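Here are some exercises to work through with the structure open beside you. Try each task before reading its solution.

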Amino acid sequence: MANNKVLTVSPSPHVFENTSVRKLMYGVVIALLPVLAWSVISFGIGAIIVTLVSVLSCIGFEYLIQKFLLKQNPTVTDGSALVTGLLLAFNVPANLPVGIIIIGALVSIGIGKMSFGGLGTNPFNPALVGRVFLLISFPVQMTSWPTPKGFNTNYVDAQTGATPLGILQESGDTPMTKVMEQVPDYSELFLGQMGGSLGEMSGIALIIGFLLLLYFRVISWHIPVSNVLTVGLFSGILWLADPTQYADPLFHILTGGVLLGAIFMATDYVTSPMTTKAKWIYGVGIGLLTVIIRVFGSYPEGVSFAILIMNALVPILNRYTKPGRFGEEVQYG
Amino acid sequence: MLQTFSKGGVHPPENKFSANKPIENLGLPKQVSIPIAQHIGAPSKPVVKKKDKVKTGDIIAESQGFVSSNIHSSVSGTVSKVGEIIDTTGFKKPAVIIDVEDDEWNDSIDTGSEIIRDCSLSSQEIVDKILQGGIVGMGGATFPSHVKLSVPEGKKIDTLVINGVECEPYLTSDHRVMLERGEEMLVGIKLLKKALGVNHVLIGIEHNKPDAIEHVSHLVSKEENIEVYPLKVKYPQGGEKQLIKALLNREVPSGGLPLDVGVVVHNVGTSLAAYEAVQKNKPLVERVVTVTGKSLSKPSNFLVRIGTPVRDLIEAAGGLPEDTGKVVGGGPMMGKALSSLDVPVVKGTSGILVIPEKDAYRDEEFNCIRCGKCVDVCPMGLEPYLLKQLAQLERYEECEDNAIMDCMECGSCSFTCPARVPLLDYIRLGKTNVNQILRNRKDK
Ligand code: SF4
Ligand code: SF4
């Protein structure tokens, strides 16, 4: 018998949950598949090219930076670069020139992630860092939106049109009822028949993704729900106050990446808060900022900036929202 | 909805392989090594020397001070050495080693199987018997039981809680005790109740032991003021603070004890031992130990003399499997990995868990991805990721501010972390250092 067997001695616990960083990341990837499928159906070849270029360059840059610049063992197989690549693609138009996508990937991974030390240490959502950089550097290309018209084999010359939020922004003093006539109706917005970024079009696909994330226990519901509720409430109050000037809440929720942001961008582990209390504040904060930027700012959509601003507040949120300690609630006697 | 505690918690796979295996008497080993410090508190003082003849139940080391406990010989034979051995904690501990000859019991002990239900002793006499018998908490923490029964001046106890939760995966010794020794256990519970002078007893049992719930409920059906509470299955419900929260919705304050909220908690095994000590005059010389594991051929529950080498238990359970990587004393969440099979079973050994090689190592560690899962599962409402960082940076004052001393070392945080950050390893380190700081402060 194995009498003199060398036994492993390590501290407890001796069993672990069947989970890993990889599994969580691939959970996100699976949850993003319905969204990807819808964008391919709507934009055709453009969606495929943009996604492939973004994913491959994110993975490639992470590998190269780790291997040659930081001289670490590359950890690209953890799946986080793949997720960043997908999310970056989902936040840009389907006809964005390849060179610009690659620059976006370099900024996302190089500046957004690796300059802070890689997975787990970056304060800002890398995909959003890339997106906002592109928005500022290539405003024309980043806001020329191809119209979805079924599987399309034409990449660069796709016909472009305005996004619903763009129409709103341009409307100036035109009464809201007139403006609304120009935007697709809600069933189209919900299904995804509008101009916009790859991943922000279909409310249904995004909600399926949300349910998948919950099912795989990747995220908790707090951030998306508080975020979307706030957008609805705040824009609803404005709308009730003056329906001729402000768009209604459903319009705000279904356009311009609110759902994509709330479900996939704001819930990024690394850049979102840890405690439930803080998650609520964070979600509400993003919702408020989104509406403020949209309604009072000069950019048509506000989700990206709102999330990045709240990212910056996460360390403070974590610090000042300790979980309820055991022993402080119900006192006896 | 079944009751449970409200904050955190995890649900590891239960793997109770030995749940249907009746308790078998393991029989006598050739030699026993009995550590004389088997409890929290001051080590006892040996009262035997080499070549002394001892009988089963003879006292071999005397309690020193209040939080200490007597140690008895678990066999009859000749003392071969009073020295040191390596015990389950991996450290050298003073111990008495006895060569076994026959099985002759101390004359004062009733070794018959008849159940004695009536007891005319006073509360104090019951506590004294429990003190004499060397009874300690048998759930693993081995806190001397008589201390818990001596309620300090000014404290009022209204409820005795009996812990039949057995929330650690794999372990089934308490489960079997409830099923097979339920009647004696119940007499023990009534003795503890009398000793404390309370008239309200709650027995908490997790829902995954329906037969035990049914059996014990049936036993107490004629008893007034003793109730069985089925609880939702959730680890670490067997922790005293969690159990009291689950049963009574009272929260023991940080740094406090159950008696601060009017409760005393005893384990089912301890109740059985209390019965034997009081009614049979039998000290704590044997206990039920689960021997289990995925690759073990015969997972079992054994009645084992204290001091028996773990090797004997594993032999009786089918032998050590070829693929063994780790052997744990206790459950998989809080048990200690053994460095050798020659260590003895002690009063706190509730189980021996054999872990195959492939499960014995930890997965590759990643950076913390700040997912917050460790915060969600911590039953004490702590922030394990933060405590780990602070301990690693040696910022112990901040560890203290963040309530590191409240950590009950349940391991839920390490268990759940997707990045496999060894959170509890660092938190333990932090606790040790904070403890030192606290002690220095007191000494000043
Ligand atoms: S080991 Fe400590 S910090 Fe970790 S979950 Fe348990 S009580 Fe919380
Ligand atoms: S569970 Fe692990 S990865 Fe998640 S926050 Fe805690 S330490 Fe970090």
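**Exercise 1. Find the loop that holds B:N225 and decide how exposed this residue is.**

Step 1: B:N225 sits in the loop between α5 (210-220) and β11 of chain B. Helices (H or I, at least four residues) and strands (E, at least two) are DSSP runs, numbered from the N terminus.

Step 2: Although B:N225 is not a glycine, its phi is positive, about 65 degrees. Most residues other than glycine have a negative phi.

Step 3: With a relative accessible area of 39%, B:N225 is partly exposed. Buried means under 20% relative accessible area, exposed over 50%, and partly exposed in between (1.4 Å probe, protein chains only).

A word on the source: this is a predicted model, in which local features need pLDDT of at least 70 and side-chain atom pairs count only at pLDDT 80 or more, while totals for chains, interfaces and linings use all residues. Residues are numbered from 1 along each chain as its sequence is written, chains are lettered from A and ligands numbered from 1 in the order in which they are written, and side-chain values use heavy atoms, leaving out hydrogens and water.

**Exercise 2. Locate the cis peptide bond between B:Y235 and B:P236.**

Step 1: Go to the loop between β11 (226-231) and α6 (240-248) of chain B, where B:P236 lies.

Step 2: Check omega for the bond joining B:Y235 and B:P236, which is about 0 degrees. Most peptide bonds are trans.

**Exercise 3. Describe the contact between chain A and chain B.**

Step 1: Chain A gives 45 residues and chain B gives 71 residues to the contact (heavy atoms within 4.5 Å).

Step 2: About 5100 Å² is buried between chain A and chain B, and carbon and sulfur atoms give 54% of this area. Buried area is the accessible area (1.4 Å probe) that two parts lose on being put together, summed over both.

Step 3: Count three salt bridges between the two chains; each is a side-chain nitrogen of Lys or Arg within 4 Å of a carboxyl oxygen of Asp or Glu. One salt bridge pairs B:E383 with A:R325, their closest N and O atoms being 3.4 Å apart.
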